[in-house]
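Let's walk through this model together, from overall confidence down to single residues. Have the structure open as you read.

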Amino acid sequence: MEFTVSSSVLHRHLSIVNRVVTGKSTLPILDYFLFSVDEGKLRLMGSDLETTITTTLPLNDMMAAGQGGVPARLLISTLKEFPDMLLHFKVDDSTHSISVEYEANSRKGAFDLVGADAEEFPQLPEVGKGQKTEIEITTDILVQGLANTLFSMGTSNLTAHLFGVLLEAKQEHLRFVATDSSRISCYTRTDVHPDGVMSVLLPGRPAQMLGSVFGKAGDPLKIAFDEHNLVFTTDTVQVICRLTEAHFPDYESVFPKNNNFKLLVDRELLHNAIRQVSPFSNQGTNLVALEMHNDQLTVRSNNFENRNRAFQTIPCEYDGEERTVGFRTHFLTELLQVISSQEVVFYLAENVQSSVLVRPTVNPSEAEDLLMIVMPSSLDSYGYNAYATDEEEQG
């Protein structure tokens, strides 16, 4: 195998594939990139057995086709220090030794690597022919869907049915859903009209990396899956994820239906207030309380162990019975970060312990819909000392 390639182009493509090379695999070969050269192109592959990423780039010149394993960490760290220049790779198929030469302006040099046998790499998974389901969208839709839901995803492999994002396609929409059992995020696109019905759980680890792999350019993207694999393909990049046997819960069954109390508040004001008072909460429970009145919302936190406390009052529009509702701080800050509208609305039930529905007042487009559900936390059950005034304490 012998070819010439741009160092900057190669580094950019290797950085995409490198996201799946963990360096912690029990199989030494997975610490290598697989280089495959043919027809004037270089295909790169990396895998952790659960997820496989391939990307294709044009070569400046090709002298001999072939395949070979290249040490991932060493090559990535080396190319990071190089300006854009042409690199000439020559790989000995029998010894797997790799020689790289370069010359640009006044600099000239070379480095040698010890490669690996391409035959040791696992076979690239294939989606079954004639039995697969496909949908065509663009990369920006995938990235936006994941950005609006990943924060609600479960984080433990012990709950595999929650450690991922549900992709649900129907004729009228494409939907992304994630939950950790205490909150749900649901992002729907009505400008996508799949030919058939699709429901598949994208595992957590590839879900977390897909945004950085594809970016927001809006390139055509094909999603296909069978009973074993889920595949994302553009003109230059392909990501293949092995599916688990876990089944996503029936999320629609827990959507609240009688949340008639409405809290309308400026998103940025609320976000800042929570961040400014939350350091005074108990770090074990990390709770903040929202105290709701007709035109005033008070955000409070209180550490009952050391008696530190803080509050901040901001304007709001509230239609309902006055109440105080507790939330985990990060539950609120994370959902407020993904909402883009100036104002956010909370829909609450008569029972203060019932789930709360949260929506932006305005979605980025008519084709987008975002809703989130979050469970309140009982203030009393954590010994959260009531927000007594100084006069009440003295009395």
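## Confidence and ground rules

Residues are numbered from 1 along each chain as its sequence is written, and side-chain values use heavy atoms, with hydrogens and water left out.

Where pLDDT is low, the predicted coordinates should not be read in detail.

## Overall build

The chain has seven helices and 26 strands. These are DSSP runs numbered from the N terminus: helices are H or I with at least four residues, strands are E with at least two. Along the principal axes, the C-alpha atoms fill a box of roughly 85 × 50 × 35 Å.

Of the 395 residues in the chain, 49% are buried. Buried means under 20% relative accessible area, exposed over 50%, and partly exposed in between, with a 1.4 Å probe and protein chains only. Looking at contacts between residues at least 6 apart in sequence, 66% join residues at least 24 apart.

## Nonpolar cores

In soluble globular proteins, nonpolar side chains tend to be buried together. A nonpolar core here is a set of buried Ala, Val, Leu, Ile, Met, Phe, Trp, Tyr and Cys residues joined through side-chain atoms within 4.5 Å. The largest one has 96 residues, and those with the most contacts inside it are Leu10, Phe35, Phe89, Leu230, Phe232, Leu270 and Phe346. Helix 4 (residues 204–214) gives the most to this core, with five residues. A second, separate core of ten residues includes Val177, Leu201, Tyr251 and Ile373.

Leaving aside neighbours within four places in sequence, Leu270 is in contact with Val265, Leu290, Leu297, Val299, Ile314, Leu336 and Phe346. In helix 4, the buried residues include Gly204, Pro206, Ala207, Met209, Leu210, Val213 and Phe214. Just after helix 4, Gly215 takes a positive phi of about 70 degrees.

## Cavity and pocket

How many cavities of 30 Å³ or more does a search of the whole structure find? The search finds one. On a 1 Å grid over the protein atoms alone, a cavity is a set of points where a 1.4 Å probe fits but cannot get out, while a pocket is an open set with protein on both sides within 12 Å along at least five of seven lines; lining residues have an atom within 4 Å of a point. Grid points are joined across faces, edges and corners, and a volume is the space filled by probe spheres set on the points. The largest cavity has a volume of about 40 Å³, and its lining includes Phe151, Arg183, Phe331 and Met372. Strand 26 gives the most to this lining, with three residues. By class, the lining has eight nonpolar, one polar and one charged residues; Ala, Val, Leu, Ile, Met, Phe, Trp, Tyr, Cys and Pro count as nonpolar, Asp, Glu, Lys and Arg as charged, and the others, Gly among them, as polar.

The largest pocket has a volume of about 300 Å³. Of its 13 lining residues, Ser199, Leu201, Thr244, Ala246 and His247 lie nearest its centre. Strand 14 (residues 198–203) gives the largest share of the lining, three residues. The pocket lining has seven nonpolar, three polar and three charged residues.

## Loop residues

Most residues other than glycine have a negative phi. Asn105 has a phi near 55 degrees, a positive value, and is found in the loop between strand 8 (97–104) and strand 9 (107–114). Asn105 is exposed, with a relative accessible area of 84%. Ser181 also has a positive phi, of about 80 degrees, and at 58% relative accessibility counts as exposed.

Thr285 is found in the loop between helix 5 (267–277) and strand 19 (287–292), and at 9% relative accessibility counts as buried.

Definitions and conventions
Contact means heavy atoms within 4.5 Å.
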